[in-house]
Amino acid sequence: MIGYGAMGREVHRLLPDGVTLDWLVLPEAAQSDTQAELGNTTRVLTAIDQCSGQPDLVVECAGHPGLAQHGEAVLQRGWTLAVVSVGALTDNALYQRLVDAARTGGGRLHILSGAVAGMDGLASAREGGLTAVTYEARKAPRSWKGSPAEDLIDLATVTEPTVFFEGSAGEAARRFPANANVAATVALSGLGMEKTQVKLWVDPHTERNSHRIHAVGRFGEFRVELNGRPLDNNPKTSMLAALSVVRACRQLLDPVVI
Ligand SMILES: NC(=O)C1=CN([C@@H]2O[C@H](COP(=O)(O)OP(=O)(O)OC[C@H]3O[C@@H](n4cnc5c(N)ncnc54)[C@H](O)[C@@H]3O)[C@@H](O)[C@H]2O)C=CC1
Ligand SMILES: O=C([O-])CC(=O)C(=O)O
């Protein structure tokens with residue numbers, strides 16, 4: 001696993017029987033404390049080239065810088081990398097480096113559905129041609145704290161649900177790296193970073209992280225609305241995002257994949 005914050009810890013807690021966390025890759029500053037916390041069962045490292053052996057799966061729960069720093073090295077080794085920090089892929093140069101590393105090394109980049117649902121249907125719909133995809137995220141003020149939303153709206157005094165950002169998925173994911181990865185996931189599953197229209201809301205009446213997708217195309221039309229519980233240790237991050245990583249780990253064991 002790369003990263004061990006709110007999401008990584010939840011994933012570790014929920015790992016299915018039969019899957020073990022052998023290595024954790026973290027910034028140097030977090031290495032010794034985390035190693036002391038985890039004891040001997042997991043080795044805490046600072047770079048992929050310190051990992052020996054062959055993992056069945058590498059999962060990234062580390063934010064954009066973690067994917068940018070370690071992604072290539074994982075894929076070059078021919079390993080599968082399941083990622084949640086999908087917004088990092090708005091950086092075309094990084095995206096290309098990861099694709100090249102996967103092609104030359106034989107690895108696979110698996111973009112997880114994260115906090116949202118319906119990416120299977122959206123990607124299927126794309127095969128027939130999509131005409132419009134919109135995505136809206138709605139979170140409580142505390143979930144936007146410490147993000148650039150603070151420059152766009154006064155989170156302390158907002159009394160009604162308010163849109164503070166409207167733009168492309170690419171711009172949303174770049175500007176809100178801890179809050180709008182789903183915008184990039186919807187874009188990569190559907191109409192792309194520029195044509196996917198995004199609205200970000202702050203809602204003082206909600207405790208949920210809500211996601212709404214509307215897709216129109218030759219297949220017809222669908223709407224998905226998902227009201228997720230945030231993790232206790234990070235209100236920016238939905239529990240479902242962690243569960244999507246757990247699911248990827250469980251798929252290592254199951255003979256049937258859905
Ligand atoms: N796809 C999705 O639906 C979602 C994706 N995310 C992404 O997941 C990331 C992780 O979420 P949380 O665990 O809640 O965040 P967090 O801030 O609690 O934890 C981040 C962890 O990554 C580590 N880290 C930072 N830089 C690193 C590096 N260069 N190398 C290795 N580790 C590094 C930190 O030490 C920390 O352990 C978010 O930053 C966000 O980008 C979050 C929510 C939903
Ligand atoms: O966890 C969520 O609800 C969504 C999120 O933070 C993201 O898209 O980055």
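The legends below describe close-up views of a predicted model and its two ligand surroundings.

Residues are numbered from 1 along each chain as its sequence is written, while chains are lettered from A and ligands numbered from 1 in the order in which they are written. In this predicted model, local features need pLDDT of at least 70 and side-chain atom pairs count only at pLDDT 80 or more, whereas totals for chains, interfaces and linings use all residues.

**View 1. Residues around ligand 1.** Ligand 1 has 33 residues around it, of which G3, G5, M7, G63 and G114 come nearest. A residue is near a molecule if its C-beta atom, placed from the backbone, lies within 6 Å of it.

**View 2. Elements and classes in the shell around ligand 1.** Two or more residues each are given by α1 (6–13), α3 (63–76), α9 (181–189) and β12 (234–238). The largest share, six residues, belongs to α3. Helices (H or I, at least four residues) and strands (E, at least two) are DSSP runs, numbered from the N terminus. By class, this shell holds 18 nonpolar, 15 polar and no charged residues. Ala, Val, Leu, Ile, Met, Phe, Trp, Tyr, Cys and Pro count as nonpolar, Asp, Glu, Lys and Arg as charged, and the others, Gly among them, as polar.

**View 3. The shell around ligand 2.** Residues surrounding ligand 2 include A115, N179, N209, G228 and A241. At least two residues each come from α9 and β12, and β12 gives the most, with three residues. Four residues of this shell are nonpolar, six polar and one charged.
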